[in-house]
Amino acid sequence: MKKILLNIIFGIVLCVFGYLLIANILHIMYLSKYDYFDFDSKPMADIKANIKELESNIEKISELNNTVFTEEDLKTIEDNFNNSLTNIKENKLLDYKGKQKIYLKDLFSLDQTNNLSISENVSMLKLLSNYDSTINNYLKVYTYDFINSAYNSEANIQEVIRSYRYNTLDYFNAIMGEATNTRILSRVYNLSYYVVKENYLAELVLETGGASNE
Amino acid sequence: MNKTFKYIGNILFVINAITLFSFFTHILDFSFIKITTCSIIVLVLLILEIIEFKKKDSILNDRKYNIIMLLVNMIVLVIFLRDRFDPLMPLGSIIDIASEYSPSSSGAFADYNAIFISIMYVGILIYNILKKDRIK
């Protein structure tokens with residue numbers, strides 16, 4: 001009886017060992033999958049050009065003298081743009097150069113440095129609508145755009161986090177998101193979209209504030 | 001061969017035990033009970049191993065015992081090493097919204113692996129106790 005029990009225990013321990021071994025091997029193989037992405041490509045070049053334009057627009061905003069904005073509102077606008085610019089520059093996508101191998105781990109850390117949030121754009125538009133009532137037309141579009149992109153980004157990020165985790169118990173049913181070119185591009189265009197939007201807002205501020213008419 | 005298994009298995013076990021106890025400094029709240037249970041099992045097994053080490057009819061000379069000791073400690077070491085060298089990946093942790101956004105705070109191996117490692121060490125511990133009775 002004791003011998004049978006000892007054999008059962010031996011078997012259970014071996015089974016658990018086998019399961020962990022297979023799960024670890026599969027997970028290591030899975031995390032070693034990669035895709036190439038050229039960080040000197042047109043979308044990245046566009047982002048860099050747009051960031052320069054944004055910097056110059058922010059500088060113009062800070063130099064506004066005869067403006068319709070109150071001092072407090074102007075400070076809020078400047079703080080918002082400076083904050084956005086810092087968030088953009090902190091994005092790890094801008095650190096890569098040339099053609100690079102991108103692993104799931106890279107996507108994971110890219111998402112960790114992504115602090116972009118267009119919720120500030122909505123509050124900025126609300127502020128601008130006090131000075132120009134026609135901006136109210138964009139406000140609804142921006143609000144829904146914000147909600148849409150917030151949920152889409154959340155889904156994107158969650159997928160990578162869940163894929164990256166080593167979910168031992170349900171390993172074989174775990175989400176298997178690989179670092180494909182499309183997944184990298186979605187992050188590139190997300191940043192691109194954010195920078196373009198910030199630029200558009202900066203131009204709107206300059207237009208409303210009077211700089212374009214000077 | 002059995003002697004090689006015995007020495008490698010036990011050296012790995014000591015390394016794993018030290019690593020496991022050192023994890024206590026940075027564990028997640030939700031895995032505290034599991035990690036404590038796992039550590040207690042390992043501690044008891046470690047004490048039994050030390051007592052058995054000098055005995056002539058020791059369980060440490062049993063071939064099956066040495067095989068599971070070697071295999072289990074190898075996979076546990078792999079899990080610990082993977083966790084140590086990739087702090088972004090809390091091995092085996094459950095999907096938890098609160099911890100998803102703070103990967104730096106969840107470096108310790110956490111939930112599921114603690115359960116699996118505990119099961120394997122409990123198995124070894126029971127095997128050790130039962131086999132010892134039979135020898136006597």
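How many residues does helix H7 of chain A have, and how far does the helix reach from its first C-alpha to its last? Helix H7 (residues 181-209) of chain A has 29 residues and reaches 41 Å, close to the 42 Å expected at 1.5 Å a residue. The expected span of a helix is 1.5 Å times one less than its number of residues.

This is a predicted model, in which local features need pLDDT of at least 70 and side-chain atom pairs count only at pLDDT 80 or more, while totals for chains, interfaces and linings use all residues. Residues are numbered from 1 along each chain as its sequence is written, and chains are lettered from A and ligands numbered from 1 in the order in which they are written.

- Chain A is divided into domain 1 (1-32) and domain 2 (34-213), with bounds that come from an automatic or database domain assignment.
- The C-alpha centres of these two domains of chain A lie 46 Å apart.
- Gly210(A) follows H7(A) and has a positive phi, near 105°.
- Helices (H or I, at least four residues) and strands (E, at least two) are DSSP runs, numbered from the N terminus.

**Chain A: helices H5 and H6**

- The axes of H5 (residues 119-129) and H6 (residues 136-164) of chain A come within 9 Å and cross at roughly 170°.
- H5(A) and H6(A) are therefore roughly antiparallel to each other, a label for angles over 145 degrees.
- Axes are lines fitted to C-alpha atoms, for helices over the stretch in contact, and angles run from 0 to 180 degrees between N-to-C directions.
- Residues making the contact include Val122(A) and Leu125(A) of H5(A) and Leu139(A) and Phe146(A) of H6(A); two residues are in contact if their C-beta atoms, placed from the backbone, lie within 7 Å.

**Chain B**

- Chain B has 5 helices and 0 strands.
- Of the 136 residues in chain B, 38% are buried (20 or more other C-beta atoms within 10 Å of the residue's own, with C-beta atoms placed from the backbone).
- Among contacts in chain B between residues at least 6 apart in sequence, 68% join residues at least 24 apart.

**The starts of the two chains**

- Met1(A) lies in the segment before helix H1 (2-31) of chain A.
- Met1(A) counts as exposed because it has 5 C-beta neighbours inside 10 Å, and the cut-off for exposed is 12 or fewer.
- Met1(B) sits in the segment before helix H1 (2-22) of chain B, and Met1(B) is exposed, with 7 other C-beta atoms within 10 Å.

Methods:
Angles under 35 degrees count as roughly parallel, over 145 as roughly antiparallel, 65 to 115 as roughly perpendicular and the rest as oblique.
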